[in-house]
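Let's take a walk through this fold, from the overall picture down to a few aromatic side chains. Have a look at the model first.

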Amino acid sequence: MVDYSLKKFAQLIFTVFGVVTLVFFTLRFIPGDAASAMAGDAISGEALELLREQMGLNAPLWSQYLAYLHGLVTFDFGVTITTRLPVADLILRALPVTLSIAVLTILLTVTLAIPLGTLAALMAHRGQNGLDNAITGTAMVLDLMPSFWTALVFLLVFSLMLGWFPASGTVSFENPVDFLKRIALPVLVLSVTQLATMARITRTAVLEVLSEDYVRTARAMGWSEMRVLFRHALKNAALPIVTVIGLSFGNLLNGTVIVEFIFTIPGIGNLLINGINSRDYQMVQTLIVFYALLFVVINFATDIIYRALDPRVKF
């Protein structure tokens, strides 16, 4: 296990280095000048050259790259062009909000999707297709609903029409109840978009395991259906379920960008959109690397869980 983890960690470091390098050169080789794009037509001449100097764009490319790597290693991401505030401080301020939404979404999704998927598989295995068709049909419909449309519908119904949740306002951890009310709609929207995929994958994995010989042997030995289900079916169907949980957590990073913008939540996603709209080169570059790093770390954690669940998994 230790050897496997070290190999995966080395792979993680190599992947992160590749992503960082790709982001750096991609942003510098795209058509146009970053300083000119950021300033627009407002300034030119000496003022534009001063802005390039402030952004370090007049230095040789290799020097910019080394300075960029040094900043990442020392957690010095520079300051935003628009507000002159440290990028790291803005990210640390917005990160708890986004992580709260993502973690609560995963918990709610897992709590609902795995039991529903397991129930659908059990009904299909017994030939009772009514409930199975209802669950899988509903999951397919939910899977076709784009998150931005779901967010707008939830905002209209639960906030504007029923008034159950606030549509906007401050987000503060000081009052947990108000905080949960404020992020409830984003969590529900993201849970709906993730619920369908996780339930369908769970149903497929559990249904496949229920047809295995060792499950029939366990039933022949007189084990109860619940014991067979939890001791054999769910345990051996865990790998694809863990996969979809890891993918869901990664997809949530994309989903939070949309819901944070629609519900005006001051998280990482909203920070990225504001950085793009204001052409804040430093902010956008840092957040792209940050999102990529989260994806890599989630994949690393998923691989480690794989090995813990099934020692037969090899590097």
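Among contacts (heavy atoms within 4.5 Å) between residues at least 6 apart in sequence, 72% join residues at least 24 apart. Before going on, keep in mind that this is a predicted model, where local features need pLDDT of at least 70, side-chain atom pairs count only at pLDDT 80 or more, and totals for chains, interfaces and linings use all residues. Residues are numbered from 1 along each chain as its sequence is written, and side-chain values use heavy atoms, with hydrogens and water left out.

The chain has 13 helices and zero strands; both are DSSP runs numbered from the N terminus, helices being H or I with at least four residues and strands E with at least two. Of its 315 residues, 43% count as buried, meaning under 20% relative accessible area, while exposed is over 50% and partly exposed lies in between (1.4 Å probe, protein chains only).

Now for the aromatics. The structure holds three aromatic pairs, with rings of Phe, Tyr and Trp (its six-membered ring) pairing if their centres lie within 6.5 Å; planes under 30 degrees apart are stacked, over 60 edge-to-face and the rest tilted. F154 and F158 have ring centres 5.2 Å apart and planes at 70°, so this pair is edge-to-face. The two sit four residues apart in helix α7 (residues 147–161), about one helical turn. F154 is buried at 14% relative accessible area, whereas F158 is partly exposed at 22%. F158 also pairs with W164: centres 5.8 Å apart and planes at 40°, so tilted. W164 is exposed, at 55%.
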